[in-house]
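Subject: Structure handover

Hello,

Here is the structure for your files. My notes follow below it.

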Amino acid sequence: MGAGIESLCAFHAGERHVTEPTHQPFGVDATLRALLADILGLGDERAAALTADSGLFGALPEFDSMAVATVLTEMEDRLGIIIDDDEIDGEIFETYGNLLAFSLRKVNG
Amino acid sequence: MAEHLFRIAPSGASRATILIVPPLFDEANRLRRTLALAMRALAAEGFAAVLPDLPGQNESLVALEDVDLERWRDALAEVAAGIDGPVVIASIRGGALIDHRAEAAAWWRLAPVGGASLLRTMLRARVTADREAGIESSPESLQAAARDAPLLLAGNALSPAMVAQLGAAEAQPVAPLRSIGLGADGIAGTPLWLRAEPGEDAAMAAAVAADVAAWSKTCGIS
């Protein structure tokens with residue numbers, strides 16, 4: 001079946017490089033809320049209601065060490081930044097405001 | 001010993017078998033419910049859908065620390081070889097790193113991810129958990145320790161070979177391939193594989209099944 005199938009599929013066969021949708025046009029704040037909603041399953045309403053004082057690690061039961069790690073990797077992918085693990089301390093994940101301030105520093109260099 | 005296969009098939013003859021290669025490690029658990037819904041939808045379209053346990057995962061009797069990506073590639077090739085009729089492989093995320101040794105009429109990949117990204121996330125989870133426990137560690141120190149002993153990352157005991165292979169693994173070229181992401185140009189849905197607690201998305205499952213079925217038809221499976 002090889003040749004027949006390949007010729008039928010040839011039109012689409014090239015590998016398209018598809019990445020996660022980037023929310024960059026909506027800004028760092030919206031990108032961060034969207035990725036927290038994806039990872040923590042917050043839903044749009046809870047994600048939109050996060051304030052600078054909202055607690056994250058230690059305050060939200062879903063925010064465990066795996067979620068912290070996933071947030072870091074997704075921040076790199078979606079914000080186009082590289083996070084050195086030396087830059088990470090517990091405070092960054094204490095509140096939404098801290099995480100947003102860190103992200104803005106990284107994005108704006 | 002053969003691994004358990006989760007199979008959902010139409011009551012009559014099937015047009016082809018969709019061999020589903022799940023995401024790796026915990027991401028597989030987070031997506032399993034949605035994959036099962038997609039398998040039911042594929043069966044309703046006349047396809048048999050098979051989701052095999054990878055050695056060392058789920059109901060497997062093999063210890064995870066005894067396997068690596070090479071063994072998973074071989075295991076999938078063996079599963080595919082044992083299927084009668086045409087096989088279409090549908091891989092998700094890290095599944096795309098191990099789906100190329102199996103023989104198939106066509107491949108379909110959803111949100112393929114590099115092994116280095118998966119490894120980095122698991123290393124970070126361990127560093128974060130260590131920090132909470134008052135233990136100093138870093139991704140570099142953990143990877144160095146993994147050169148000659150299994151490394152426990154997010155509950156997974158990974159062999160030195162697994163850590164080394166994962167750090168370098170990229171999805172390999174296969175043809176014919178449809179590679180698709182999430183979002184407006186791809187599958188409508190959320191990245192459930194990232195979610196801290198398992199969820200499900202019936203609409204996304206239906207979209208996955210419809211896209212796999214359409215690609216199979218494009219590739220001459222009727």
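Angles under 35 degrees count as roughly parallel, over 145 as roughly antiparallel, 65 to 115 as roughly perpendicular, and the rest as oblique. Axes are lines fitted to C-alpha atoms, for helices over the stretch in contact, with angles from 0 to 180 degrees between N-to-C directions. Helices (H or I, at least four residues) and strands (E, at least two) are DSSP runs, numbered from the N terminus.

This is a predicted model: local features need pLDDT of at least 70, side-chain atom pairs count only at pLDDT 80 or more, and totals for chains, interfaces and linings use all residues. Residues are numbered from 1 along each chain as its sequence is written, chains are lettered from A and ligands numbered from 1 in the order written, and side-chain values use heavy atoms, without hydrogens and water.

**Helix packing in chain B**

Helix α2 (residues 69–81) and helix α5 (residues 160–168) of chain B have axes that come within 8 Å and cross at roughly 80°. α2(B) and α5(B) are therefore roughly perpendicular to each other. Leu69(B), Glu70(B) and Trp72(B) of α2(B) make the contact (heavy atoms within 4.5 Å) with Met162(B), Gln165(B) and Leu166(B) of α5(B).

**The A–B interface**

Chain A gives 33 residues to the contact and chain B gives 36 residues. The buried area is about 3100 Å², with 57% from carbon and sulfur atoms. Buried area here is the accessible area (1.4 Å probe) that two parts lose on being put together, summed over both.

Three salt bridges cross the interface of chain A and chain B. The rule is a side-chain nitrogen of Lys or Arg within 4 Å of a carboxyl oxygen of Asp or Glu. Asp85(A) and Arg124(B) form a salt bridge, at 3.1 Å from N to O. On the chain A side, α1 (2–9), α2 (27–40) and α4 (65–79) each supply at least two residues that touch chain B. α4(A) gives the largest share, 11 residues.

**Within the chains**

Over all chains, the structure holds 18 salt bridges. Glu74(A) pairs with Arg78(A) in a salt bridge, with the closest N and O atoms 2.9 Å apart. The two residues are four apart in helix α4 of chain A, so about one helical turn separates Glu74(A) and Arg78(A).

**Backbone points to check**

Most residues other than glycine have a negative phi, and most peptide bonds are trans. The peptide bond from Ala175(B) to Pro176(B) is cis, with omega near -5°. Pro176(B) sits in the loop between α5 and β8 (177–180) of chain B. Phe25(B) has a positive phi, near 60°. Phe25(B) lies in the loop between β2 (17–21) and α1 (26–44) of chain B.

Best wishes
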